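Here are a few friendly notes to read alongside the model. I start with one residue and then step back to the chain.

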Amino acid sequence: SVYHGFSTSVQRRFNNGFTGNFSYTWSHLIDDSTAEVFSTVLSPRRAQDFQNIRAERADSALDSRHRFVASGIYDLPLFSKSQNRLVKSLLGGFSFAATATFESGKRATPLSGIDSNLNGDAAGDRTIVNVNGVKGTSSLVTPLRNSGGQIVGYLANNPNAEYIQAGLGALATGGRNTLQLPGIQNLDFSVFKNFAITETMKMQFRADFFNAFNNPQYVPGSVNGVNPINTTAVGNVNTVGRRDFNRPERVFSSNPRVIQLALRLNF
């Protein structure tokens, strides 16, 4: 694997009680294999041609080219210095926190879905790329036969598609991880309040809103982590000719808003 990139971050605390953190990362990860086991079908775990590993070199399935994160916490000053202990206890001490994340989408490898190179293994066989095709579209092929019934060529069912199935014995020209999947545009928000029990012990009540704006984000895994996903039907996203090719909204979860209420004891 080859990795290069840079990251920068800034933290600022303002006099009004607001603390903000801002970070931006640009990175580029290149590899010739991402998974050695059946942990992903978006990027094949086996080479298309084991005698030509060099052809596997490409952007990694783990490559996240751009990532910007802005987070902040604001301690609401209202009632926090009230002379009335009851008012101060019930209405003061509220805090708000938010984290906004914008990240480039992951990549997938368009696959023919058949043993195009006739090596007995269809798992890694890629496609033929039509550079003039409509971006993000795919097509199966129809074999052309001579008078003796032998296949002499293939005709794309949709000649305007970008990714064309490499028929049996045809030479695939597509590389690994050339299909861009949707990115992340996510906001998590929290509101919480601390209740003093003793000088060293506090009870915190909080409400957390994950994907607070309920923005549909059809990404493999989670917008907040690297949770694994069920691989059932995932291969439909990157196998040409399938109804769900390049339609992640039909396969992945939209990662809908999640609201969590919590009570925590700090001591």
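Leaving aside its neighbours within four places in sequence, which residues is S190 in contact with?

1. S190 is in contact with S95, F96, A97, R206, A207 and D208, where contact means heavy atoms within 4.5 Å. This is a predicted model: local features need pLDDT of at least 70, side-chain atom pairs count only at pLDDT 80 or more, and totals for chains, interfaces and linings use all residues. Residues are numbered from 1 along each chain as its sequence is written, and side-chain values use heavy atoms, leaving out hydrogens and water.

2. One of those partners deserves a second look. The side chains of S190 and D208 make a polar contact at 2.6 Å (a pair of N or O atoms within 3.5 Å; within protein, one must be able to donate a hydrogen and the other to accept it, and residues adjacent in sequence count only if both atoms are side-chain atoms).

3. S190 lies in strand 13, residues 184–196. The protein chain has 15 strands and one helix (DSSP runs numbered from the N terminus: E, at least two residues, for strands; H or I, at least four, for helices).

4. Is S190 buried or exposed? S190 counts as buried because its relative accessible area is 11% (buried is under 20%, exposed over 50%, partly exposed in between, with a 1.4 Å probe and protein chains only). Across the 267 residues of the protein chain, 36% are buried.

5. Now for overall dimensions. Along the principal axes, the C-alpha atoms of the protein chain fill a box of roughly 100 × 35 × 35 Å.
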